[in-house]
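My entries follow in the order I made them.

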Amino acid sequence: MKNPLSLSQKLSFMAACTFTVVAPIIGYHTIGLPPVIIVGGSALVGLCCWYFTYLKKPVEPNIILPLFILTVAALQIHIVEEYLMGFAPAMSRLFGIPWSERSFLMVFALIGPVIYTLTSLGLYYKVPIAGFVAWFIFIGLGVAEFTHFIFPLISPELLPHDPHSLTASIKGTTIPTMPNFCVKTTGQYYFPGMWTAILPMIPGCLAIYRLLIRKTQ
């Protein structure tokens, strides 16, 4: 007979399921469809992987914690490029969503590091829910960074053939200076964050590999 989940594991599973459902819904109502696809998809895959690996048998901190710290450190470097090059307004123009730089900074530069710090502490003490957060970051903010290489190939919803920056109101929110990075319009294959997108992908993919290999052993 398989060992049943403990109370803390059950509560962690319920919390992870709640996040997987609620976060995409909030993202859809505040920004639009892209968060549902990226955040929701990453959370769902992370939930499944976490359930069959870390939740039932948390790994030793020396296996997962260094790779997690490397992933979030690389992610912060990546976010610097995104901010400097206008990732949020570029995404707003690309998908027609109201994503302001203030919202971008609030989530990724202020709230994000708090979550990363608490997750590191949780991984050290083998707290079940910390493993879910780590899996979500390895996938959503690690592997999924490859999407930066796809964005320049997509025509923006707002004035796709105009190479100049655009200021417009989207769903009642004014988004200033939205650049156009479509390669067909600009002739340059680039999107904010593309230069450093590979950085969090390397430790993130390595962490996933080690966790899945450990599961099969």
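**Entry: α3 and α6**

I began with α3 against α6, which pack at an angle of about 45 degrees with their axes 11 Å apart. That angle makes α3 oblique to α6. I noted that the model is a predicted one. I then looked up the hand of the crossing of α3 and α6, and it is left-handed. From α3, I listed Ile64, Leu67, Phe68, Thr71 and Val72 in the contact. From α6, I listed Ala134, Ile137 and Phe138. By class, I have seven nonpolar residues and one polar residue in the contact of α3 with α6, and no charged ones.

**Entry: α5 and α6**

I went on to α5 and α6. I read an angle of about 125 degrees for this pair, with the axes 8 Å apart. On the α5 side, I wrote down Ile115, Tyr116, Thr119, Gly122 and Leu123 as contact residues. On the α6 side, I wrote down Ala130, Gly131, Val133, Ala134 and Ile137. The classes in the contact of α5 with α6 are seven nonpolar, three polar and no charged.

I checked two names against the previous entry. Ala134 and Ile137 of α6 are in the contact with α3, and Ala134 and Ile137 are also in the contact with α5.

**Entry: α1 and α6**

I turned to α1 and α6. The angle here is about 30 degrees, and the axes lie 8 Å apart. Which hand does the crossing have where α1 passes α6? I found it right-handed. α1 brings Ser8, Gln9, Ser12, Ala15, Ala16, Phe19 and Thr20 to the contact. α6 brings Pro128, Ile129, Phe132 and Phe136. I sorted the residues of the contact of α1 with α6 into seven nonpolar and four polar, with no charged.

**Entry: the largest pocket**

Next I looked up the largest pocket. I read a volume of about 1,200 Å³ for it. Which elements give two or more residues to its lining? I noted α1 (7-30), α2 (33-52), α3 (61-85), α4 (87-95), α5 (101-124) and α6 (128-140). I then asked which element gives the most to that lining. It is α1, with eight residues.

I counted 40 lining residues for the largest pocket. Nearest its centre are Val39, Val107, Phe108, Phe136 and Leu141. The lining of the largest pocket divides into 29 nonpolar, nine polar and two charged residues.

**Entry: the largest cavity**

How many cavities of 30 Å³ or more does the structure hold? I found one. The largest cavity has about 40 Å³ of space. I listed its lining as Ala90, Arg93, Leu94, Phe151, Ile154, Pro156, Pro179, Asn180, Phe181, Cys182 and Phe191. By class, I have nine nonpolar, one polar and one charged residue in that lining.

Conventions
Residues are numbered from 1 along each chain as its sequence is written. This is a predicted model: local features need pLDDT of at least 70, side-chain atom pairs count only at pLDDT 80 or more; totals for chains, interfaces and linings use all residues. Side-chain values use heavy atoms; hydrogens and water are left out. On a 1 Å grid over the protein atoms alone, a cavity is a set of points where a 1.4 Å probe fits but cannot get out, and a pocket is an open set with protein on both sides within 12 Å along at least five of seven lines; lining residues have an atom within 4 Å of a point. Grid points are joined across faces, edges and corners, and a volume is the space filled by probe spheres set on the points. Helices (H or I, at least four residues) and strands (E, at least two) are DSSP runs, numbered from the N terminus. Ala, Val, Leu, Ile, Met, Phe, Trp, Tyr, Cys and Pro count as nonpolar, Asp, Glu, Lys and Arg as charged, and the others, Gly among them, as polar. Axes are lines fitted to C-alpha atoms, for helices over the stretch in contact, and angles run from 0 to 180 degrees between N-to-C directions. A crossing is left-handed if the near helix is turned anticlockwise from the far one by less than a right angle, and right-handed if clockwise. Contact means heavy atoms within 4.5 Å. Angles under 35 degrees count as roughly parallel, over 145 as roughly antiparallel, 65 to 115 as roughly perpendicular and the rest as oblique.
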